[in-house]
Amino acid sequence: MTARPFAARCRIMPLAQALAPVVDLIFPPRCPLCGEGLSMQSGLCAACWSDLVIPGEPACALCQRPFDESVSAGAICAPCMAQPPRHDGIAAGTLYNDASRRLVLTFKHGRRIALAPMMARLMASRLPAIDEGWLVVPVPLHRWRLWRRGFNQAALLAREVSRLRGGTLAVDLLARRKATPSLGGLGRKARARTLSGVIALKRGAAERVKGASVVLVDDVLTSGATTNACVSALKRAGASRVTICCFARVLEEAGPPR
Ligand SMILES: [Zn+2]
Ligand SMILES: [Zn+2]
């Protein structure tokens, strides 16, 4: 008689799952936004969930900006009409509002990196079908900022998105060559000027990018200046398509991020 595999005999469960009851006992789970008690460690309370705004249909055929009223299929929004985007679509988990802003701040500056899987689930559910052939690429941080913060929030989200959707995580394709100041308060042209030449492919990355389909991941999509610089670098290197995937998308009507 052949022996059953070790795992089958022992019914091994993932460590995090095995430890969850102990962790819950020591740190009772709380909603990261309002502090309300929760039954599980990951997630938000029902009230905070309902404060998140998921982009709906109908939406622009090029950038998925939601339209207020019904439009014919294939309709394109005014910003895309004025300047056709270089990307091939935007998959946003939520629209930027007070709840998503506080969630991003808690994740990024409050160092609650355990929020990444929950945020990535919202993002991944908005992506069209992708497969192993796709590269999942985070928007890069400058190495000083990475050193100060200790992690790249976009890379954590990209890792979870690739786990959920099956693309190949590629964290080492793009580099931010200069530390750029905050882009808040700058106009579209000034933002583009500030970022020109800042994002580049790392040495040896061009071969992987040529002909590839890419999901470009960031936490917040504001004016798109940074992601556009990434899209341009990827397309110059021959990427066949680049879909942007973000957690919170700022629409102009919602005002600039604070
Ligand atoms: Zn809450
Ligand atoms: Zn559009």
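Reader: Which residues does Lys108 touch, not counting residues up to four places away in sequence?

Author: In this predicted model, Lys108 touches Arg149, Phe151, Gln153 and Asp219 once residues up to four places away are set aside. Lys108 itself belongs to helix H5, residues 98-108.

Reader: Why is Lys108 called buried?

Author: The relative accessible area of Lys108 is 15%. Buried means under 20%, so Lys108 with its 15% is buried. Asp219 is buried as well.

Reader: What makes the meeting of the side chains of Asp219 and Lys108 a salt bridge?

Author: The separation, N to O, is 3.0 Å. A salt bridge requires a side-chain nitrogen of Lys or Arg within 4 Å of a carboxyl oxygen of Asp or Glu, and the 3.0 Å between Lys108 and Asp219 therefore qualifies. This pair links distant parts of the chain, with Asp219 in strand S6 and Lys108 in helix H5, 111 residues apart. In general terms, side chains of opposite charge can pair when their charged atoms come close.

Reader: How do you know that the side chains of Lys108 and Asp219 are also joined by a polar contact?

Author: The contact between these side chains is 3.0 Å, and the limit for a pair of N or O atoms is 3.5 Å. The value therefore falls within that limit, and the pair counts as a polar contact.

Reader: How do you know that the side chains of Asp172 and Arg208 meet in a salt bridge?

Author: Their N to O distance is 3.5 Å. Because the cut-off is 4 Å, Asp172 and Arg208 form a salt bridge. Asp172 lies in the loop between strands S3 (168-169) and S4 (174-176), and Arg208 in helix H10 (residues 206-209), so the pair ties together parts 36 residues apart in sequence.

Reader: Why is Asp172 called partly exposed?

Author: Asp172 has a relative accessible area of 40%. Partly exposed lies between buried, under 20%, and exposed, over 50%, so Asp172 at 40% is partly exposed. Arg208 is assigned likewise, because its value is 37%.

Reader: Which residues do salt bridges that share partners join into one network?

Author: Asp98, Arg101 and Arg102 are joined in this way. Arg102 is partly exposed at 30% relative accessibility, and Asp98 is partly exposed at 39%. A search of the whole structure finds 7 salt bridges.

Reader: Why does Arg191 count as buried?

Author: Arg191, in helix H9 (residues 188-195), has 13% relative accessibility. The threshold for buried is under 20%, so Arg191 counts as buried. Of the 258 residues of the chain, 45% count as buried.

Reader: What makes up the largest nonpolar core?

Author: The largest nonpolar core has 36 residues, and those with the most contacts inside it are Leu44, Leu103, Met119, Val215, Val217 and Phe247. Two or more residues come from each of H5, helix H6 (116-124), helix H8 (153-165), strand S6 (213-221) and strand S7 (241-249). H6 gives the largest share, 6 residues.

Reader: Which residues form a nonpolar patch on the surface?

Author: Leu62, Ile76 and Met81 form it, with about 260 Å² of accessible area together. Patch members need over 30% relative accessible area; Leu62 has 32%, so this requirement is met.

Note on methods: Residues numbered from 1 in each chain as written. Chains lettered and ligands numbered in written order. Predicted model: local features only at pLDDT ≥ 70, side-chain atom pairs only at ≥ 80, totals over all residues. Heavy atoms only, no water. Patch = residues over 30% accessible without salt bridge, like charges linked within 9 Å, V, L, I, M, F, W, Y side chains within 5 Å. Areas by Shrake-Rupley, 256 points an atom, 1.4 Å probe, with all protein chains shown as cover. Buried < 20%, exposed > 50% of the residue type's maximum accessible area, 1.4 Å probe, protein only. Helix = DSSP H or I, 4+ residues; strand = E, 2+ residues; numbered from the N terminus. Polar contact = N/O pair within 3.5 Å; in protein donor to acceptor, adjacent residues only side chain to side chain. Contact = heavy atoms within 4.5 Å. Core = buried A, V, L, I, M, F, W, Y, C linked by side-chain atoms within 4.5 Å.
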